[in-house]
Amino acid sequence: MTDTTPATLGHVALHYRDKEDGEKAARLLHLLGFATREALPLPDGTTFYHFLVDATATNNGDGILYLSPLRRAHRWLYDSIHEALGIGTDKEHPAVAKVRKSEMQDPEAGFHVGFLVPTLERIEEAFARVREAAEADSDFGRHVEIILNRAPPGTPDIDARLDASPLFRDATRHTYGRHGVQAFIRTDLLCSGPLGDDLVLEFDYVFPGYPDNMLTKTEM
Ligand SMILES: [Fe+2]
């Protein structure tokens, strides 16, 4: 018997810490182009969100982002980890600074979620919306950091397109592979990783006509 549909990545469950973070995190996901399918109010005043990665996809139970409040036990655990490691104190465990440095240098160093986007314009438009909102509202903007990797130079048509891109023209970082770009959002509105401090969302685009590209061949 042949399967009629391929297996896909079904969903990723994202978590926010506090009620106010939930509204801002939902705003960020909306600005990034994810479509709200449901926003269910919970008895404690928080909201459980169901986003679609792409509203025009088949959406047969896949392509879902769930966004919900961190459970109390998990919050307690994160608080206990911070306390035990002395985070923010003069007795902070040295591993914390090492990991933070590594993640600052490379947004892909820790846990992150990547999305493959069909056009470069879609990434440019999404990040323009986030930038505009961040500039207009500092209470939102202080939670959002943008990091950009452009394709290493050497392919004239790609170089020209990126030089003309309002998003990528000033980017100085490069992707590990070729013929694509990566745009990242690091936000402390979402909890992940061993310290629960933040989450990185990655948006990838690969230029058509290049079977050897950053998603098929990593070049370190
Ligand atoms: Fe990645």
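**Exercise 1. Find where Asn 59 lies and state whether it is buried, partly exposed or exposed.**

Step 1. Asn 59 sits in the loop between β3 and β4. Helices (H or I, at least four residues) and strands (E, at least two) are DSSP runs, numbered from the N terminus.

Step 2. The model is predicted: local features need pLDDT of at least 70, side-chain atom pairs count only at pLDDT 80 or more, and totals for chains, interfaces and linings use all residues. Residues are numbered from 1 along each chain as its sequence is written.

Step 3. A residue is buried if 20 or more other C-beta atoms lie within 10 Å of its own, exposed if 12 or fewer, and partly exposed in between, with C-beta atoms placed from the backbone. Asn 59 has 14 C-beta neighbours inside 10 Å, so Asn 59 counts as partly exposed.

Step 4. The phi angle of Asn 59 is near 50°, a positive value in a residue other than glycine.

**Exercise 2. Carry out the assignment for His 179.**

Step 1. His 179 belongs to the loop between β7 and β8.

Step 2. His 179 has 23 other C-beta atoms within 10 Å, so His 179 is buried.

Step 3. Phi of His 179 is near 65°, again positive in a residue other than glycine.

**Exercise 3. Describe the sheet that contains β3 and β4.**

Step 1. The sheet is open and has four strands in the order β1-β4-β3-β2, with mixed pairing. Two strands pair if DSSP finds at least two bridges between them.

Step 2. β1 (11-16) and β2 (35-41) are the edge strands, and each pairs on one side only. From one strand to the next the twist averages 20°.

Step 3. Strands β3 (residues 47-52) and β4 (residues 64-69) run antiparallel and are joined by four bridges. Tyr 49 has Leu 67 in β4 as its bridge partner.

Step 4. Helix α1 (residues 19-31) packs on this sheet and touches β1, β2, β3 and β4; its direction makes about 165° with that of β4. Axes are lines fitted to C-alpha atoms, for helices over the stretch in contact, and angles run from 0 to 180 degrees between N-to-C directions. Two residues are in contact if their C-beta atoms, placed from the backbone, lie within 7 Å.

**Exercise 4. Check the length of helix α4 and sort its residues.**

Step 1. The expected span is 1.5 Å times one less than the number of residues. For the 17 residues of α4 (residues 120-136) this gives 24 Å, and the end C-alpha atoms are 24 Å apart, so the values agree.

Step 2. Leu 120, Ile 123, Ala 126, Phe 127 and Val 130 are the buried residues of α4. These residues cover an arc of only 135° around the axis, so they lie on the same side of α4. The arc is that of the directions from the helix axis to the C-beta atoms.

Step 3. On the other side of α4, the residues Glu 121, Glu 132, Glu 135 and Ala 136 are exposed.

Step 4. The buried residues of α4 pack against α1, β6 (144-150), β8 (180-187) and β9 (199-206).

**Exercise 5. Describe the sheet of five strands.**

Step 1. This open sheet has the order β5-β9-β8-β6-β7, and its pairing is mixed.

Step 2. β5 (112-116) and β7 (173-174) are at the edges with a single partner strand each, so one side of each has no neighbour in the sheet.

Step 3. β6 and β8 run antiparallel and are joined by six bridges. Ile 146 stands opposite Ile 185 in β8.
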